[in-house]
Amino acid sequence: MSRILVVDDEPPIARTVAANLRARGHEVTTVASGSAALSAVETGDPDCVVLDLGLPGLHGLEVLRRLRTWSSVPVVVLTATDAERDKVAAFELGADDYVTKPFGMAELLARIKVALRHGEQAKGVLARPHVVEAGDLRIDLDAKLVSRAGEPVHLTPIEWGLVEVLASNAGRLCTHRFLLERVWGPRYERESQYLRVYMANLRKKLDDPAAPSIILTEPGMGYRFVANEPAEQEVRS
């Protein structure tokens, strides 16, 4: 199975997370400091890192910043820090997901599973889906076609740009800044009002605005696209 590095200076949490991952067949290494984490990634080449932020010595955000200068390994932040600024900083530094302590083990394992999937796709182990499905929504990324319950959905160029970025990063949080830079360009990275207007329109076309289940809002941070499981999606042969 996968190699996972757990970075946490609280031994009970590190042991519990490691035990649950090993029970599912993963190979797990645990370390308790930021400097040890960087060394372990360099020497152990893990498939995923579970990273606490409140580490002794080197803070978790600094670990993430340094890591992203040379590695694209998926990182799931697991921390007691729930301040919005830390969450945004973690995602903008390249975290794949963020789980706040106290946490449910089932949720953490699900987030790690998604992060591992993204890592495999980035390495080319899995073919990139060219069709993404979410509920009764079908998005053909190659043909640039969207249908809902079999009926075509007309999207403006900006709306398609948002859908393409969100669907291509299904399961991941796409921060406001990331979406604005990818769809509108670097000069618009702080123009979040554009997003609010377009996301409201997209939900009317693709989701249930009153109770969205496909395009989810992460308050103060961005949006997450929830797709069906990969087995239900078409992939390139």
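User: In this predicted model, is G119 buried or exposed?

Analyst: Start with its place: G119 sits in helix α5. Its relative accessibility is 11%. Buried means under 20% relative accessible area. So G119 counts as buried.

User: How far apart in space are G119 and S72, C-alpha to C-alpha?

Analyst: In sequence, G119 and S72 are 47 residues apart. In space, the C-alpha to C-alpha distance between G119 and S72 is 8.0 Å.

User: Where is G94 found?

Analyst: Helix α4 covers 84-92, and strand β5 covers 97-100. Just after α4, G94 takes a positive phi of about 115 degrees. G94 belongs to the loop between α4 and β5.

User: Does G94 count as buried, partly exposed or exposed, and why?

Analyst: Buried means under 20% relative accessible area, and exposed means over 50%. G94 has a relative accessibility of 24%. That value is why G94 counts as partly exposed.

User: Which residues does G94 touch, not counting residues up to four places away in sequence?

Analyst: Take V76 for a sense of distance: G94 and V76 are 18 residues apart in sequence and 9.9 Å apart in space, C-alpha to C-alpha. For contacts, leave out residues up to four places away in sequence. G94 then touches L64 and R68.

User: Which residues lie nearest the centre of the second largest pocket?

Analyst: This pocket has a volume of about 600 Å³. It is lined by 27 residues. Nearest the centre of the second largest pocket lie R68, G94, A95, D96 and R172.

User: Which element supplies the largest share of the lining of the second largest pocket?

Analyst: α4, α5, β10 and α7 each supply at least two residues of this lining. The largest share is 4 residues. That share comes from α5.

User: Why do the buried residues of α4 line one face of the helix?

Analyst: The buried residues of α4 are D86, K87, A90 and F91. Look down the axis of α4: these buried residues line one face because they fall within an arc of 130 degrees.

User: What do the buried residues of α4 pack against?

Analyst: Two strands among the partners are β4 (75-79) and β5. One helix among them is α3 (60-67).

User: How does the reach of α8 compare with the expected value?

Analyst: Helix α8 runs over residues 192-206 and has 15 residues. At 1.5 Å a residue, the expected reach is 21 Å. From first C-alpha to last, α8 is close to that value, at 21 Å.

User: Which residues of α8 are buried, and which are exposed on the other side?

Analyst: In α8, the buried residues are L195, M199, L202, R203 and L206. Seen down the axis of α8, they fall within an arc of 100 degrees, so they line one face of the helix. An α-helix has 3.6 residues a turn, so residues three or four places apart point the same way. The exposed residues on the other side of α8 are R196 and K204.

User: What do the buried residues of α8 pack against?

Analyst: Helices among the partners include α6 (157-168) and α7 (176-183). Strands among them include β7 (137-140) and β8 (145-148). The list also holds β11 (215-218) and β12 (222-225).

User: In β12, which residue is the bridge partner of C174?

Analyst: Strand β10 spans residues 173-175. β10 and β12 pair in the antiparallel sense over 3 bridges. The partner of C174 in β12 is Y223.

User: Which residue in the turn between β11 and β12 has a positive phi?

Analyst: β11 and β12 run antiparallel and are joined by 4 bridges. In β12, L216 has R224 as its bridge partner. The two strands form a hairpin with 3 residues between them. In the turn, the residue with a positive phi, about 75 degrees, is G220.

User: What is the omega of the cis peptide bond between K101 and P102?

Analyst: P102 lies in the loop between β5 and α5. A cis peptide bond joins K101 and P102. Its omega is about -10 degrees.

User: What is the phi of D45?

Analyst: D45 is in the loop between α2 (34-44) and β3 (48-51). D45 is partly exposed, with a relative accessible area of 48%. Its phi is positive, in a residue other than glycine, and is near 45 degrees.

Technical notes. Residues are numbered from 1 along each chain as its sequence is written. This is a predicted model: local features need pLDDT of at least 70, side-chain atom pairs count only at pLDDT 80 or more; totals for chains, interfaces and linings use all residues. Side-chain values use heavy atoms; hydrogens and water are left out. The expected span of a helix is 1.5 Å times one less than its number of residues. Buried means under 20% relative accessible area, exposed over 50%, partly exposed in between (1.4 Å probe, protein chains only). The arc is that of the directions from the helix axis to the C-beta atoms. Contact means heavy atoms within 4.5 Å. Two strands pair if DSSP finds at least two bridges between them. On a 1 Å grid over the protein atoms alone, a cavity is a set of points where a 1.4 Å probe fits but cannot get out, and a pocket is an open set with protein on both sides within 12 Å along at least five of seven lines; lining residues have an atom within 4 Å of a point. Grid points are joined across faces, edges and corners, and a volume is the space filled by probe spheres set on the points.
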